[in-house]
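Hi everyone, thanks for coming. Today I'd like to walk you through a structure that may be new to you, so please have a look at it with me.

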Amino acid sequence: MLLTLAAGTMLAGMPAQAQEQAGASVPGDASTQDSDQPDIVVTGFRASQRSATKAKRDAAVILDSVAQDDVGRLPDLNIVEASRRITGVSVVGGADATKNRDIYQRATIRGLDPRYNLVTIDGIPLASPDWVYRGARLEMLPASLVSRIEAIKSVTAQYDPHALGGQINIVSKSAFDGRGDRSLVLNANAGDNDTAGKLVRGGGVTIRTDATAAARFGANREFGVVASAEYQRLPSTARAELPGDSNGAGWSYFTARGARTPFAAPSTGYPVPVRNQDYFFENMRTRLSGNLKLEWRPDDATALALFGGYYHDTDTETRYELLTVPTGAPTDVTPTSGRFARGDLQQGLTYQPVTRDTWLVDAKGHHDFGGGVVLDTTLARSQATYRELREMIKYDTNPQPGNATAGYLPAFGYAYRIVHGRPRLTLNDSAAANNPDSYRALYYRSIDRDLDSTVDYAKVNLGINAAAADRGFGANIGVAATRTDLAYDQRYAEYVPADAAGQTTIGSARGLLYDQRPGAYMTPDVPYLLIDRQAAWQRFAATRSAFVATNQIANNAADDFRDLETTKAAYAQALFRTDRFDVQAGVRYDDTRLVVDTNQPTSTAATAYRAVRRTTGYAYWLPSGLATYQLGDGMRLRAGVSKTIGRPDYSQYAVRNTFGVGTDGTLTISTGNPDLKPREAWNYDLSYEWYLGAGMISVAAFTKDIRNEIFTSSQQGPATLFQGVTYQTVFVNTPRNAASARVKGLEVGYTIDRVAAVPGLGFNANVTLLDGSYRQPVSAAGRAAGLPATRRTSGLIQQPDYIANLTVFYATGPVELRGSYNRIGRALQSADGDTPLRDLYQEPRQQVDVQARFAVRDGLDLVGQVQNLTKEAFVVRQGRRREDVNYFFPVGRTFWLGLSWTPKL
């Protein structure tokens, strides 16, 4: 269908394209691309699209991108939204199901988990304000920084090999971008998120505002400066449900004797909801950033640049929770209903503000010595911090004094119905469930999490006859070094009523609640009882003597770690270029040394810990090659092969043992893996590109053969002694290497920025089809239940089965209209070590955004935009045919209205 549409549009636009191609020089000479029609001024989204096409054609590697327009604006309001328009790129939300997930945070390239795709600014790695992912969260970075967002899909010897899918590179703005000696762009947008202010606090106005100024000065305009700043205020609320729990164990099977089991084979055959969590989130996100770049270009041979950036993100989140859990075996079970005689009900509050700060300072130098000899140098330091306070307050219908566990009562048993995979409960005594006096203190927790990360980076590259315009033989020779120092510390305090008398002294939830009682999804007859955080802590302070502190040595010691990772690399690349043929072949030697400091238990009971240091490392020879052949008439073929790696994330490196005890007596253990190996991948690429005068057609096929695929295995463990208590229900989460993995795909893109038959009309369409899997070992319990020793998953983690984008724009006179459609197919979110019935799948999601611009006068535009027009939710499913909902998270619609001012200076 896409190719048919392309053919029809090409015929419609052939006269204009023929004129443009007639003036073109040798295919592959990028200097002619934007000078085909010098009498036509290209503006708006058309300019953005044309810049991205030019970047693809000029690139020495296979890449796709999205670019700023003629006055320095991205086509979307932030980097994540813009990057999902790129062919082969999908975006994902947060990895923590217990936090707000209403925004996209990171990008996957060609189906590979964001953990294994590096994010860089001008090729420089950033320190991570996260212990799970390397590099920056894309949604933290400001749009005002960006000249172009590149998805680099075939890396060569000069690139860091941590690029199984590829790399996201942010090309920063330059004073020498070509928009004159002075420029200024001011964007101010106010909006309304239709979910904001729907709970306790008023949401207020949504704000995005930024300013970018650039100037060239000096006797010969040899100096340049670019400064930008951005501020965002993003309120939201969301009413979500999590019946499947974060590991899929919220749905369980039962044997004929009434025992829980994760397996269908020995059970009665029907999944039953056993952990029903309703969440209501109230969020306020604020972001503040600034960038400054100083440049000096005294002549065509020399360039120096100093860059500094600061990126601040605060996410103040309050989460209200209503949790219903049963005990015993269900009765009257059918495929869609059942009943539990006894249960427990909890009302909770989690206040979890997070602050992230990232700094980047770098210096770059370039000098052409003549005779084809060019030296490029880079020196950079990046620092990041993460500060989280998590206050958790729970009130329960039958708390057990002296510890953070709960009992069960007949009043809070429930009958359930399953409606479209979502449980709906009717409690035995809904009046008691609505009564604040039914709830007593279960625990008060205060948890601090701190992370500090520093990345030092240096690179030197010597090019010999290696510029794009050079012909004949050439070479690139270089060295690079990266030093990452990341430390994580957790401080955990938990207080519970000391005894029954203490429970009486502390009192019930009455007097601690807001007046609002919003409804919950899973318990329609029982609303949220919203705990007032300030009133609850005042109660705690007034009755402090009635509480005792629990033993949290495991959470205070076992979770802490420090990683010191040093990577040194050297590479050599040979080049050969003619007017029609270009080949580059090279090899990189990459050596990584690692020092990990952790605390390990001195016994299996985990009652005491000692400091442990572990050193390890790995080294790889990584060959790569890329060949380009110009077919003529704007067409070319490219073929590449490379070997890349995917380093484990920082927390996987650390051999940690963290413990969590649920209020239902479930023990969850998360462990590190000292024997974890980096992923290794052989990547094969083949692409066809046809550059038309007003657009481009591209078709790319690729395959990746991966060894040592890393996945987190979640499986049921044996009875475990922890701090003097033996727990019967135990879940163990461990990162492991799979034997092998693969992913292959096809990318088709078509861009046309001017259709002769309909002046002002243009569009961009791309489709990516992905097929991947890996071999996962099955646990001993799974094998005992009749499963094979290994099984093949239905995809890689976070790999959708397809990605589709369509953007249509129309410009006439002072008006520009744009509509964008993005759809991301089903993606495996996690794979269970026991059974595929607990594999979690992000369901297909689509989003429609529309934008209108009206030029009020020269340099001043009125801009209106609607994001997520159809209010599409995030849905995660599990089960035999994904019939059971694991997580349902609604996302609101946001309306924006603003001004964009680009005065002539």
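Before we start, one term: when I say two residues are in contact, I mean that they have heavy atoms within 4.5 Å of each other. And please keep in mind that this is a predicted model.

Which residues does Phe-889 touch, leaving aside its neighbours within four places in sequence? Phe-889 is in contact with Lys-99, Asn-100, Arg-101 and Asp-102, with Ala-238 and Ala-240, and also with Phe-281, Ala-873 and Phe-874.

Phe-889 also belongs to the largest nonpolar core, which has 41 residues. Along with Phe-889, the residues with the most contacts inside that core are Ile-121, Leu-138, Leu-141, Ile-149, Ile-168 and Ile-170. Apart from this core lies another one, of 40 residues, and its members include Val-272, Tyr-414, Leu-425 and Ile-506.

How confident is the predictor? The mean pLDDT of the protein chain is 88, with 91% of its residues at 70 or more. A stretch to treat separately is residues 1-41, where pLDDT stays under 50. For that stretch the model has 55 contacts beyond four places in sequence.

How many cavities of 30 Å³ or more does the structure hold? There are 15 of them.

The largest cavity has a volume of about 420 Å³. It is lined by 26 residues, and those closest to its centre are Glu-81, Asp-102, Ile-103, Arg-208 and Gln-867. By class, the lining of the largest cavity has eight nonpolar, ten polar and eight charged residues. S10 gives the most, with three residues.

Next comes the second largest cavity, with about 330 Å³ of space. Of the 27 residues that line this second cavity, Ala-52, Ser-65, Arg-85, Thr-751 and Asn-764 are the closest to its centre. Which element gives the most to this lining? That is H3, with six residues. Other elements giving two or more residues include strand S1 (63-67), strand S38 (740-752) and strand S39 (761-777). The lining of the second largest cavity divides into ten nonpolar, twelve polar and five charged residues.

That's my tour, and I'm happy to go back to any part of it.

Technical notes:
Residues are numbered from 1 along each chain as its sequence is written. This is a predicted model: local features need pLDDT of at least 70, side-chain atom pairs count only at pLDDT 80 or more; totals for chains, interfaces and linings use all residues. Side-chain values use heavy atoms; hydrogens and water are left out. On a 1 Å grid over the protein atoms alone, a cavity is a set of points where a 1.4 Å probe fits but cannot get out, and a pocket is an open set with protein on both sides within 12 Å along at least five of seven lines; lining residues have an atom within 4 Å of a point. Grid points are joined across faces, edges and corners, and a volume is the space filled by probe spheres set on the points. Helices (H or I, at least four residues) and strands (E, at least two) are DSSP runs, numbered from the N terminus. Ala, Val, Leu, Ile, Met, Phe, Trp, Tyr, Cys and Pro count as nonpolar, Asp, Glu, Lys and Arg as charged, and the others, Gly among them, as polar. pLDDT is the predictor's confidence in each residue, from 0 to 100. A nonpolar core is a set of buried Ala, Val, Leu, Ile, Met, Phe, Trp, Tyr and Cys residues joined through side-chain atoms within 4.5 Å. Buried means under 20% relative accessible area, exposed over 50%, partly exposed in between (1.4 Å probe, protein chains only).
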